Amino acid sequence: MSGPVATVLIPAWNEAAVIGRTLQALTHDMPTGLFRIVVIANACTDDTHDRLDAYLRQPPTSEALPLTWFAEPVPGKS
């Protein structure tokens, strides 16, 4: 297998208080190599972006799921 086969898509609006726990839970509960995480930070005004960047700065581990995130400045529905 060359890479992740499924994407967990998370729409986030001001989720700084829980995004770290969410990412850790996914990393703990999902098989490595099969999943990747994509977060769309939708018009966040808290420090959600900082928390996502902090996850990316962590030293890579064998359990960590790949994360990509995008800032969407226009508020909208998930």
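Is R51 buried, partly exposed or exposed? R51 is partly exposed, its relative accessible area being 39%; buried means under 20%, exposed over 50% and partly exposed in between, with a 1.4 Å probe and protein chains only. The model is predicted, with local features needing pLDDT of at least 70 and side-chain atom pairs counting only at pLDDT 80 or more, while totals for chains, interfaces and linings use all residues. Residues are numbered from 1 along each chain as its sequence is written, and side-chain values use heavy atoms, with hydrogens and water left out.

**Figure 1. The overall fold of the protein.** The protein has two helices and three strands, where helices (H or I, at least four residues) and strands (E, at least two) are DSSP runs numbered from the N terminus. Their order from the N terminus is β-α-β-α-β. The radius of gyration is 12 Å, close to the 12 Å that the globule rule gives for 78 residues, so the protein is as compact as a globular protein of that length. This radius is taken over C-alpha atoms, and the globule rule is 2.2 Å times the number of residues to the power 0.38. Of the 78 residues, 27% are buried.

**Figure 2. The salt bridge between D47 and R51.** The structure holds one salt bridge, defined as a side-chain nitrogen of Lys or Arg within 4 Å of a carboxyl oxygen of Asp or Glu. In the pair D47 and R51, the closest N and O atoms are 3.5 Å apart. D47 is partly exposed, at 30% relative accessibility.

Figure 3. T27 belongs to helix α1, which covers residues 16-29. This residue is buried, with a relative accessible area of 12%. Apart from neighbours within four places in sequence, T27 is in contact (heavy atoms within 4.5 Å) with Y55, E63, A64 and L65.

**Figure 4. The largest pocket.** The largest pocket has a volume of about 210 Å³. Of its 13 lining residues, Y55, P59, P60, T61 and A64 are the closest to the centre. Helices α1 and α2 (48-57) are the elements that each give two or more residues to the lining. A pocket is an open set of points on a 1 Å grid over the protein atoms alone, where a 1.4 Å probe fits, with protein on both sides within 12 Å along at least five of seven lines; lining residues have an atom within 4 Å of a point. The volume is the space filled by probe spheres set on the points, which are joined across faces, edges and corners.
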